[in-house]
Amino acid sequence: MSNKVAIIASNGGLFDAYKVFNIATAAAATEKEVSIFFTFEGLNLIHKQSMQQLPMPEGREHFAEGFEKANVPSIPQLVEMAQEMGVKFIGCQMTMDVMGLTKEDFIDGIEVGGAVTFLEFAKDAAPSLTF
């Protein structure tokens, strides 16, 4: 069985962020090597400004109270936890170029690379997940 978990984050909403970082931190907590490839709207999850105000799905605003009552960490807190646990973040170079973004637009500690960079890691990962 593989010791690697590969995650592609291609959507940029609040629920997407919770899915990505919950799975990533859970996998890292079980001694898995985890890499997340952030592409297209998924880059919002690690963008310095965007990650502070990820959109809640329309009609689901009532979940905000549930997150608070359940003491669910915020997305910036989960990002920090993931990085402390050794989860590797890869920002998609092509998407950043298309959107006119630079590495400085994102949190510290990310790697910038193309699909080949991620595929090299993911080739023997199990599971590989997409959110």
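Select Lys123 and Glu120 to begin: their side chains form a salt bridge, and the closest N and O atoms are 2.6 Å apart. The model is predicted, so read this distance as computed from predicted coordinates. Colour the two residues by accessibility. Lys123 counts as exposed at 59% relative accessibility, while Glu120 is partly exposed, with a relative accessible area of 47%.

**Other salt bridges**

The structure holds 4 salt bridges. Go next to Lys4 and Asp124, another of these pairs, where the closest N and O atoms are 3.3 Å apart. Lys4 lies in strand β1 and Asp124 in the loop between α5 and β5, so this pair ties together parts that are 120 residues apart in sequence. Asp124 counts as partly exposed, at 42% relative accessibility.

Now select Lys69 and Glu65, whose side chains meet in a salt bridge with an N to O distance of 2.9 Å. Both residues lie in helix α2, 4 residues apart, which is about one turn of the helix. Lys69 counts as exposed at 64% relative accessibility; Glu65 counts as partly exposed at 49%.

**The sheet**

Switch to a cartoon view and select the strands. In what order do the 5 strands of the open sheet run? The order is β4-β3-β2-β1-β5, with parallel pairing. At the edges are β4 (111-113) and β5 (128-130), each of which pairs on one side only. On average, neighbouring strands of the sheet are turned by 25° against each other, direction ignored.

Two of the pairings can be followed residue by residue. Strand β3, residues 88-92, pairs with β4 in the parallel sense over 3 bridges. To find this pairing, select Ile90, whose bridge partner in β4 is Glu111. β1 and β2 also pair in the parallel sense, over 6 bridges. Here select Ala6, whose bridge partner in β2 is Ser35. Stay on β1 and show its surface: this strand is mostly covered, with 5 of its 6 residues buried.

**Helices on the sheet**

Which strands does α5 lie across? They are β1, β2, β3, β4 and β5, and the helix runs at about 150° to β1.

Follow the chain into the loop between α5 and β5, where Pro127 lies. The peptide bond from Ala126 to Pro127 is cis, with omega near 10°. Asp124, the partner of Lys4 in a salt bridge, is in this loop too.

Move to the loop between α1 and β2 and select Glu31. Glu31 is not a glycine, yet its phi is positive, at about 70°. At 62% relative accessibility, Glu31 counts as exposed.

The next stop is Phe40, in the loop between β2 and α2. Phi of Phe40 is near 45°, again a positive value in a residue other than glycine. Phe40 is partly exposed, with a relative accessible area of 41%.

Is Thr39 buried or exposed? At 10% relative accessibility it counts as buried, because the limit for buried is under 20%. Leaving aside neighbours within four places in sequence, Thr39 is in contact with Ile8, Ala9, Ser10, Cys92 and Thr95.

Met94 is placed in helix α4, residues 93-99. With a relative accessible area of 48%, Met94 is partly exposed. Phe40 brings the loop between β2 and α2 into view here, and Met94 brings in helix α4.

Notes. Residues are numbered from 1 along each chain as its sequence is written. This is a predicted model: local features need pLDDT of at least 70, side-chain atom pairs count only at pLDDT 80 or more; totals for chains, interfaces and linings use all residues. Side-chain values use heavy atoms; hydrogens and water are left out. Helices (H or I, at least four residues) and strands (E, at least two) are DSSP runs, numbered from the N terminus. Buried means under 20% relative accessible area, exposed over 50%, partly exposed in between (1.4 Å probe, protein chains only). Two strands pair if DSSP finds at least two bridges between them. Axes are lines fitted to C-alpha atoms, for helices over the stretch in contact, and angles run from 0 to 180 degrees between N-to-C directions. Contact means heavy atoms within 4.5 Å.
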